[in-house]
Amino acid sequence: MPKISKELATKLINKSYKGRKNILKMAKFGEVHIGGAYSSLDIITVLYNEIMKHDPKNPDWKDRDRFILSAGHKCLALYVTLADQGYFDEDVLWTYNSFDTRVPMHPDEKVLPGIEFPTGSLGHGLPVSGGIAITAKRDGDDYRVFCVLGDGECGEGSIWESAMAAGHHKLDNLVAILDRNKLQVNGRTENVMSTAPLEDKFLAFGWEVKTINGHDFNQIYETLTSIPFKKDKPSLIIIDTIKCKGLNFGEDNFKFHHWHCESDKVDEGIELVEKVRREELAKVGG
Amino acid sequence: MIPNEIKKILSDSNEKIATRKAYGEKLAELGEVNNDIVVLDCDLSKSTKTNIFAKKFPGRFFNFGVAESNMMSVAAGLATMGKIPFASTFGVFASKRAADQVSISVAYPKLGVKICATHTGISVGEDGATHQAIEDVAIMRSIPNIKVISPSDGTETSRVIEKIIDIEGPCYVRLCRGSSPLIFNQNYKFELGKGTRIMEGNKATIISAGFTTHIALNAAKKLMGGGIEVDFINMSSIKPIDEDLLIDSAKKTGLVITVEDHNIIGGLGSAVCEVLSNNSPTRVIRLGVKDKFGASGTADELIKAYGFDEESIISTVKENIV
């Protein structure tokens, strides 16, 4: 597998860990769905920096690729990425969860540029993405739709209704990214309600599926630059991830799905995240 | 009495048509002039009559199989791209199975999805309780941003379908399986938020919408023949509702009888009570399904058994006028 350049790896690591630190700073203002934000942040960073056609100065650009966060509670990852991309001023992040904020606990397209659709009620984003993808097909447009799902979210029946429809309608302009961090609100997904085997299920519904390490920027970049995997088939990328990746006291712990942070933990957390950033940079020789 | 300007919009034909059929025909007609119209259905297009559109414009028709939740969110996705999606299925599925998608995918982002549900009320008939939507108006009315329209005949259905193309945001249009006589002729114009006072009198006010309107209108005409003059209002626009007309009529007559093929909890009768209790407290008697599930039978048999047939309306008025 070709390696991405040291410069690109350094840039992506720095951006995703800057995002993690910003999420911790937001945690000062209220409860945060930190676990899923951290597990999906690396691929969201690659999408916005290297893959998607988009323009922060023109969020309504007609030909942009669409990004739908079906697992809407992971929106902290999206907020910090959009702020970094220049969709809005970073100061907006520090209004998190306040009355009339533009960055509420679940995203609202009416108040924040860059948000395509209001998600939060699980199981809505994939069918909405299907509707957008089917429009592009019908109109002969070449934008793509990227949709991030959670593995716990795959308990919703509407996910499977839309998976079936995407396969049936041959939506090869639809890319679903399934963040398999293996934890949900009440514990391990395999204990609460096993959604496995996710690969086989999506294959059976007519998708082309690849599974990668969701924290390996080489694998992420390589996979996202090879879509669609097969003509006439929707693509699914299952990213194996660690919930709360980068904050070692929260990693792989379901209690960090939704975390009420004590204020003294923020500075400690930022130091820990910074330490992981330096380790990741060292691995790529940066 | 029937005012002269109203006589000009009333049909004198004996033709009967189901509102679902008028919908399907109008949709296929509008498809020719508006390329943005797309139609979604869930394996029921023969019954919802979207098959007429599908045959003419196969590239703009999508069948999503037996999966209503997905269909509603897909319709939302199409609407974000500037399409005008008409999403059709039976009322029970549009309002109950897909309620979350209608609320969060469609109504919350104020997307212009036109939900046109057929087979509503117990007038569905033989299919029985599982296929008779008696809660759909209550559900849809309580979701913010959604407009709720229950057209009373084929003519009004055509006008409503034309109108909702230009209405911003989501609409729920309540259509019926069974044929019913034309009430209006081609001069009739539909206006959102406006009712039509078809008859004028001062003994009572009868208000109806949807399938029951022709039944209630016949009752009002018989009452008039017997010397009991009533206000008769067609209130197909249930949300928004014509508050001024309601208050004006209730103040005049002091007695309101609502008639609907829907649970009396949450439907047209409730909407009328909400307006009057706040503005002009008046006695309101709600005729309709009295908080129980439907059953199997012919539409006529069921409506009689559930107590909102012509005779029940007439006797209710006679027993309660002051």
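Trainee: Which residues lie nearest the centre of the second largest pocket?

Mentor: They are Asp216(A), Phe217(A), Asn218(A), Glu280(A) and Val284(A), among the 15 residues of its lining. This is a predicted model, in which local features need pLDDT of at least 70 and side-chain atom pairs count only at pLDDT 80 or more, while totals for chains, interfaces and linings use all residues. Residues are numbered from 1 along each chain as its sequence is written, chains are lettered from A in the order in which they are written, and side-chain values use heavy atoms, without hydrogens and water.

Trainee: Which element gives the largest share of that lining?

Mentor: Helix 1 of chain A gives the largest share, 3 residues; a helix here is a DSSP run of H or I with at least four residues.

Trainee: How do the residues of this lining divide by class?

Mentor: There are 6 nonpolar, 3 polar and 6 charged residues. Asp, Glu, Lys and Arg count as charged, Ala, Val, Leu, Ile, Met, Phe, Trp, Tyr, Cys and Pro as nonpolar, and the others, Gly among them, as polar.

Trainee: Where is Thr101(A) found, and why is Thr101(A) called buried?

Mentor: Thr101(A) is in the loop between helix 3 (75-85) and helix 4 (125-139) of chain A. Buried means under 20% relative accessible area, computed with a 1.4 Å probe on protein chains only. Thr101(A) has 11% relative accessibility, and therefore counts as buried.

Trainee: What joins the side chains of Thr101(A) and Thr95(A)?

Mentor: A polar contact of 2.8 Å joins them. The term requires a pair of N or O atoms within 3.5 Å, and within protein one must be able to donate a hydrogen and the other to accept it; residues adjacent in sequence count only if both atoms are side-chain atoms.

Note on methods
On a 1 Å grid over the protein atoms alone, a cavity is a set of points where a 1.4 Å probe fits but cannot get out, and a pocket is an open set with protein on both sides within 12 Å along at least five of seven lines; lining residues have an atom within 4 Å of a point. Helices (H or I, at least four residues) and strands (E, at least two) are DSSP runs, numbered from the N terminus. Buried means under 20% relative accessible area, exposed over 50%, partly exposed in between (1.4 Å probe, protein chains only).
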